[in-house]
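Here are a few notes to read alongside the model. Take them in any order you like.

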Amino acid sequence: MSETLLEVRDLVTGFDTDAGLVRAVDGVSFTVPKGRTVGIVGESGCGKSVTALSIMRLLPRPMGRVLEGQILLEGKDLIQVEDEEMRQIRGSRISMIFQEPMSALNPVHRIGKQLTEVYLEHLDITKVEAMNRAIELLGHVGIPSPEIRVTEYPHQLSGGMRQRVVIAMALACKPSLIIADEPTTALDVTIQAQILELMQKLQVEMGMSIILITHDLGVIAETCDEVVVMYAGRVAETGPVREIFENPKHPYTKGLLDSIPRLDHPRKTHLSIIEGMVPGLLELPPGCRFQNRCPYKEDLCVDTPPTMESISDEHGVACFRWRDIK
Amino acid sequence: MSEAAANPLLSLKDLHMHFPVKGGVFLTAKASCRAVDGVSFDIMPGETVGLVGESGCGKSTLGKCIVRLLKPTSGEIHYDGINLGTIGRRRLKPLRREIQMIFQDPADSLNSRHTVRGILEEPFQIQKIGDSTSRQKKVDELLDVVGLPLSAADRFPFEFSGGQRQRIGIARAIALNPKLIICDEPVSALDVSIQSQILNLMLDLQEQFKLSYLFIAHDLAVVKHISDRIAVMYLGRVVEIADADTVYHNPRHPYTRALISAVPVPDPTRKRERIVLSGDVPSPINPPAGCPFHTRCPHVQDICRTEVPKLRNVAGDSERAHSVSCHFDL
């Protein structure tokens, strides 16, 4: 087991809404080892993006705030640091890649200006030097003729090229952690394959850790070392990718894996399904949050929330009945 | 499945849809965007044809041409032997009952100011079918068929989740007992666990009402699951069409191969040879000469840059039908 870079402990993030405080993330813990890729998977509204924004301290203010827990980056609690220090950490130690590259880039500034901004903010170098570095970096992420591209605006690039620019921005100061929130969801499959391959290549070269947030289990299987499965604001199951896919112990993980159509399965057969739908965050049941959809539900699940149990050193599951799940 | 002698329900013949690109002071047409550029294929009664391709390949435009939300530039659409391009509005109206559409985003395609009952009654009102009592009964039946509670009728679309809204969209599409439904990315906006519920519903409805589907999507795994045949589109053209299993097991076009290899497989033990295509899809406003795929093709030769390959039959011994537009036998 390699060294831990980031540890999230019992994170609770809440939002003030008209209906009261909503705990979008409610007691989430996981660790990110150095140089590894951890996938966070779950359906819309399960809290995966809020977890990412909590780590980055980019929650929408004043509605969103971290209520409890710790986010330890090499032992330092990011929740406690001053805003000014967090500004320094963001971009140089941790950076983020967003889903929609068009909204992550400023439409009225040239690519070069946006990239050099990162350098000028964090490093003590001249504008010319920064521009040279930006050109070099764009070439590195596979953008043809980067010296021309730096003079162009985001709308002049294709979706895949824009995402490469966003990746270049995230990498500019060689951060130790990159959080990628659905980085390929807006892209076509052939472009997705290009971007995922690029990210893997850069990770090998630069040795950073990646948190990859996605709803696509295929992307998780192909790129991650470890996976955190989230459901309704909590972690349902966590462990090494291979273990989770071959031996899922939470009924939700198992249901998800069984319900996806696969290329090598027989056609026009009924897919197995997870009945019902995710409960709203305002009407969560007191016990296990998956109970209304769970085929393994028993009396205990109704009122008692399950705690994380260790199946092995690395594999944890929050379900009372994991021993019965084959 | 269809017999050899059966007539196709829908037949597309060299369909073109070009949009003018306007510019200049007087907004005159400067160029044209060739969204659909010569597409021909048939859909048999009871069959599902999957249409896959990346964004901008013309797959949605093709769907809109079939339901006549767009009037094609040239080419023919025959439905049940009738050429839809030559008949007038009055004769088209009863045919509209038979071809319906399901859209990608049910939040956008349902009128937010109408109750579910209003939405589902509208098709009957437009086609002047039944009176208010019989329509009410029909709405209740439709809700039951798509698995929604009867209490849903008096609520508004925003009160439902994405999956439930898609059920409403499906109920509206099957209201008038259509024979053909054009499904434009019907499950792409849904979560994985809801997606499988909707796919199962669509399979059930097909069996119950003997529907034909044109299933348009970018997710190859979903398309292969629900389709009998698959057509792969690239830059407005069909580059390969064959039985769904054939397309998956024996793809002959380099683009189809790359597409299949790019789909992430939810199995961490499988390490595959991935064909990563370089570059982006060219613009349909100024498509490359020759084969539209030649700018990204790993097997490109001189002939590809000048001559457009024709869709030709390459069916092997065990294959029912298999056509590919590529100059070479790969």
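1. First, a term: a residue is buried if 20 or more other C-beta atoms lie within 10 Å of its own, exposed if 12 or fewer, and partly exposed in between, with C-beta atoms placed from the backbone. Leu78(A) has 22 other C-beta atoms within 10 Å, so Leu78(A) is buried.

2. Some housekeeping: this is a predicted model, where local features need pLDDT of at least 70, side-chain atom pairs count only at pLDDT 80 or more, and totals for chains, interfaces and linings use all residues. Residues are numbered from 1 along each chain as its sequence is written, while chains are lettered from A and ligands numbered from 1 in the order in which they are written.

3. Back to Leu78(A), which sits in the loop between β5 (76-77) and α2 (83-92) of chain A; helices (H or I, at least four residues) and strands (E, at least two) are DSSP runs, numbered from the N terminus. Leaving out residues up to four places away in sequence, Leu78(A) touches Ile55(A), Arg57(A), Ile71(A), Leu73(A) and Met86(A) (contact is C-beta atoms, placed from the backbone, within 7 Å).

4. Now the chain contact: 36 residues come from chain A and 37 residues from chain B. On the chain A side, α8(A) gives the most, with six residues.

5. In chain B, how do α6(B) and α7(B) run relative to each other? Their angle is about 15° and their axes are 10 Å apart, so they are roughly parallel (angles under 35 degrees count as roughly parallel, over 145 as roughly antiparallel, 65 to 115 as roughly perpendicular and the rest as oblique). Axes are lines fitted to C-alpha atoms, for helices over the stretch in contact, and angles run from 0 to 180 degrees between N-to-C directions.

Note on methods: Contact = placed C-beta atoms within 7 Å.
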